[in-house]
Amino acid sequence: MTRATRKPRKTAASCAVVVLDPAWRKALPGVERLVRRAVRAALGRKAASLAVALGNDAAVRKLNARDRRKDKPTNVLSYPSGERAFLGDIVLARQTVWREARQQKKAPRAHVCHLVVHGTLHLLGYDHETGEDDAERMEALERRILARLGIADPYL
């Protein structure tokens with residue numbers, strides 16, 4: 001095959017994982033690999049990149065207060081870039097994620113995957129807060145993606 005007849009290579013999805021709170025690695029060994037796997041599942045064949053920051057409640061509380069006017073930690077925040085190639089950033093709060101997993105009787109690995117998929121879908125333009133139909137559409141997509149990862153329906 002000559003250079004002129006080669007098919008262009010499709011760029012794979014990429015995810016930078018930034019561990020801001022080292023306790024993530026102790027609490028969930030292999031967390032970076034888990035996050036990348038969830039991102040790839042959510043992106044499917046879309047060639048794009050994003051960053052996931054693994055923080056703690058204090059850091060996420062500050063971001064949530066500044067950006068959403070809610071002075072409390074939350075499980076996941078998404079920051080869309082508005083670009084096609086680089087979708088944006090996702091931030092997770094370790095203590096909140098663990099507390100929710102415990103309260104909902106979910107494996108922390110499964111809950112982290114769900115939140116990463118959820119955040120990635122927000123970066124792709126999905127929104128569950130704009131109406132019931134949008135929420136149902138987003139949740140159905142989350143269920144399908146998580147099922148491909150071997151994770152049970154998080155909404156049961």
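Predicted model: local features only at pLDDT ≥ 70, side-chain atom pairs only at ≥ 80, totals over all residues.
**Cysteines**

I began with cysteine 15: buried or exposed? Cysteine 15 counts as buried because its relative accessibility is 11%, where buried means under 20% relative accessible area, exposed over 50% and partly exposed in between (1.4 Å probe, protein chains only). Cysteine 113 counts as buried too, at 2% relative accessibility.

Residues are numbered from 1 along each chain as its sequence is written, and side-chain values use heavy atoms, with hydrogens and water left out.

Next I looked for disulfides (pairs of cysteine sulfur atoms within 2.5 Å). The search of the whole structure came back with zero.

**Helix 5**

I moved on to helix 5, residues 108–123. Helices here are DSSP runs (H or I, at least four residues; strands are E, at least two), numbered from the N terminus. Helix 5 has 16 residues and reaches 23 Å from first C-alpha to last, close to the 22 Å expected; the expected span is 1.5 Å times one less than the number of residues. Of its 16 residues, 13 are buried, so I'd call the helix mostly covered. Just after helix 5, glycine 125 takes a positive phi of about 105 degrees.

Threonine 120 is buried, with a relative accessible area of 0%. What does threonine 120 touch? Leaving out residues up to four places away in sequence, I got Val39, Ala42, Leu43, Leu50 and Ile90, with contact meaning heavy atoms within 4.5 Å.

**Helix 4 against helix 5**

Helix 4 (residues 94–103) packs on helix 5 at about 120 degrees, axes 9 Å apart. Axes are lines fitted to C-alpha atoms, for helices over the stretch in contact, and angles run from 0 to 180 degrees between N-to-C directions. The pair is therefore oblique: under 35 degrees is roughly parallel, over 145 roughly antiparallel, 65 to 115 roughly perpendicular, and the rest oblique. On the helix 4 side I listed Val97, Trp98, Glu100 and Ala101, which meet Pro108, His111, Val112 and Leu115 in helix 5.
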